[in-house]
Amino acid sequence: MAYDWLKGIADRYDAVVIGSGLGGLTGANVLAKCGHKVLLLEHHYQLGGLATWFTRKGGHIFDISLHGFPVGMVKSIRKYWNQDIADSIVQLKGIRFINPQFQVDTTFDRADFSRHLIETFRVAPDTVERFFTDLRAMNFYDNSTETTGEMFDRYFPGRDDVKRFLMEPIAYANGSTLEDPAITYGIVFSNFMSKGVFTFRGGSDVLIRKMAEELKKNGVEVRKHVIVEKVLTDEVDGTKRVTGVVANGRTILCDSVLSNSNIKNTVLRLAGEENFSPDFVALTKAVRINSSSCQVYLGIRKGETLPHIGDLVFTSDAKIFSSAELVDLHTSSRTFSMYYPDTRPDSTRYTVVCSLNATYSDWNNLSDGQYQQEKERLIEESITVLERFIPDVRVKIDWKEAATPRTIEYYTKHWAGTSFGTKFEGLKISMNLPAQLSGLYHAGSVGIIMSGWLGTINYGVIVSNQMDKFLHQKKRATAAPLAVQ
Amino acid sequence: MTKDACKKLVIDIISDIAPDEDLSGIKPEIRLRDQLQLDSMDFLDIVMELRKRHCIEVPEADYGHLASLESCAEYLTPKFPDSAKA
């Protein structure tokens, strides 16, 4: 008989969290610290969602998404996790751009970007100042219909090079395009520009392990290898509400669910259309899924070293930046995340993770033979580009492997294999979920701004606050009759 | 609950949320955001701590009342159960 991964769990929880991405992990931790009984379920054998890692023969550890996050993580990690984890956050200073339009080395913060915009790109200083100040003041509830492309044209008309300098890194960070609302760009870009790019020293494995320890300390029941098949509901006085989940075929009762799955998975698969108004279902179906990613993982043989060529290297052979080129099957735009031994201070190993944006349908429509061929091509092209910076790198590589939108779909179950959640309209669906189905909440990568490491962690907290309020009221309502007696 | 006692409770919460801030010289009538490095997540934390520590619920529409120490005291003091006695 198969092992029972749910062995020993309670019959009932205040909250069941579906998925252990950073939003789910953080939501679970905050809810537990608020005194609620929490069960966290992850279908994979490892926690972290896309903030995860894998190991390969030869002693390689590959980080999937530890490319770099804004300084705001220091504060969020300290507040919603602990000081010890926050103390391991360090800055990455070597950010490089190499493309036919310009070559720039930067620390990726406001001061250095301003310097480049003025000295390298010859933009008027007051325009640069105005751009940064205006962006900093943007709020997600601003009612502006301006797109990011239109905004760039307003500040930097006719400057394709400036547009690329500003847009390319953010497109890799959250899959946004020139056609998305300007505020989605402004908020994320401003977060990075605050102090630069940061990473977690020790790697994703140490980070997630420390988070798991903290969850345990705070009383969260964490179970891996458990897939949630269905959110259970009933109806009281015409109002639908959550009553539990079915996971690995077993019913677990709960008062609330925090879904860290994709919003479309949450509404259309986990809960099901029957629990929502027809209008809400139609709006959910209309939510555009964001683009996906490919990655090439290159492991450097033990004992070999690589020169320092930067921490994040944005490369492209495209003459100008275009959001369509970036997600094309044959894009020449790729980012190299270089992991030197100081990523894991007790190690002497080097790895390279090359990331490309991608379109799910391009990859999903390939036959198995074509799929293997395209993966081989991706690996080959990535190594060839890397050879421009490290000519002898090929002989030092003893592990190479590629991941595609199909890989992401397999491991995360994300709708259409997205790695960046949904376009902006998804946020409204996510936030309105509990009004449709009492007790159902969503905190996953959504709406572009609630994406990336900082975005999903903070969104996990925002939604946990609403859940805490809901659970608090529920507990008080249950306790009240006794108090009167 | 007096207004001064209420201010003290709010300062206690802020000191836990923002341990690096010097809270000794806070001017009650000036916006907290203009004196301290507080962002919208910090204000959300204040809301959560008020619920956790004092069972006080601040609806989203009322978040603006938390702008300064003075407005916090004005808004929150009547919400404490024993405020009628004070």
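What follows is a short chat about a predicted model with chains A and B.

Q: What does the secondary structure of chain A come to?
A: Chain A is predicted with 18 helices and 18 strands.

Q: And why call chain A as compact as a globular protein of that length?
A: Because its radius of gyration is 23 Å, close to the 23 Å that the globule rule gives for 485 residues.

Q: What does the C-alpha trace of chain A span along its principal axes?
A: About 75 × 55 × 45 Å.

Q: How much of chain A counts as buried?
A: Of its 485 residues, 50% count as buried. On contacts, taking pairs in chain A at least 6 apart in sequence, 73% join residues at least 24 apart.

Q: OK, chain B. How many helices and strands?
A: Chain B has 4 helices and 0 strands, so the order of elements from the N terminus reads α-α-α-α, and the radius of gyration of 12 Å is close to the 12 Å that the globule rule gives for 86 residues, so chain B is as compact as a globular protein of that length.

Q: What box do the C-alpha atoms of chain B fill?
A: Roughly 35 × 25 × 20 Å, taken along the principal axes. Buried residues make up 20% of the 86 residues in chain B. Of the contacts in chain B between residues at least 6 apart in sequence, 57% join residues at least 24 apart.

Q: Switching to the cores. Which residues touch the most other members in the largest nonpolar core?
A: That core has 127 residues, and the ones touching the most other members are Ala15(A), Val16(A), Val17(A), Ala28(A), Val38(A), Leu41(A) and Val257(A).

Q: Take Ala28(A). What is it in contact with, leaving aside neighbours within four places in sequence?
A: Ala28(A) is in contact with Val17(A), Val38(A), Leu40(A), Leu215(A) and Val220(A).

Q: Which residues does the second, separate core include?
A: The second core has 16 residues, and among them are Ile46(B), Met48(B), Leu69(B) and Cys72(B).

Q: How many residues does the contact take from chain A and from chain B?
A: It takes 10 residues from chain A and 9 residues from chain B. On the side of chain A that touches chain B, the elements giving two or more residues are helix H2 (72-80) and helix H18 (452-484) of chain A. The largest share, 7 residues, comes from H18(A).

Q: And how do the residues on that side of chain A divide?
A: Into 3 nonpolar, 4 polar and 3 charged.

Q: Now helix packing. At what angle do H4 and H5 of chain A cross?
A: Helix H4 (residues 110-119) and helix H5 (residues 125-136) of chain A cross at roughly 145 degrees, and their axes come within 9 Å. The crossing of H4(A) past H5(A) is right-handed.

Q: Which residues make the contact?
A: From H4(A), Arg110(A), Ser114(A), Leu117(A) and Ile118(A); from H5(A), Pro125(A), Val128(A) and Phe132(A). By class, that contact has 5 nonpolar, 1 polar and 1 charged residues.

Q: Last one: Leu270(A). Buried or exposed?
A: Leu270(A) is buried, because 23 other C-beta atoms lie within 10 Å and the cut-off for buried is 20 or more. Its place is in helix H10 (residues 263-271) of chain A.

Q: What is Leu270(A) in contact with, beyond neighbours within four places in sequence?
A: Ile18(A), Val228(A), Lys230(A), Val231(A), Ser259(A), Ser261(A) and Asn265(A).

Q: And how far apart are Leu270(A) and His60(A) in space?
A: They are 36 Å apart, C-alpha to C-alpha, and 210 residues apart in sequence.

Terms used. Residues are numbered from 1 along each chain as its sequence is written. Chains are lettered from A and ligands numbered from 1 in the order in which they are written. This is a predicted model: local features need pLDDT of at least 70, side-chain atom pairs count only at pLDDT 80 or more; totals for chains, interfaces and linings use all residues. A nonpolar core is a set of buried Ala, Val, Leu, Ile, Met, Phe, Trp, Tyr and Cys residues joined through C-beta atoms within 7 Å. A residue is buried if 20 or more other C-beta atoms lie within 10 Å of its own, exposed if 12 or fewer, and partly exposed in between; C-beta atoms are placed from the backbone. Two residues are in contact if their C-beta atoms, placed from the backbone, lie within 7 Å. Ala, Val, Leu, Ile, Met, Phe, Trp, Tyr, Cys and Pro count as nonpolar, Asp, Glu, Lys and Arg as charged, and the others, Gly among them, as polar. The radius of gyration is taken over C-alpha atoms; the globule rule is 2.2 Å times the number of residues to the power 0.38. Axes are lines fitted to C-alpha atoms, for helices over the stretch in contact, and angles run from 0 to 180 degrees between N-to-C directions. A crossing is left-handed if the near helix is turned anticlockwise from the far one by less than a right angle, and right-handed if clockwise.
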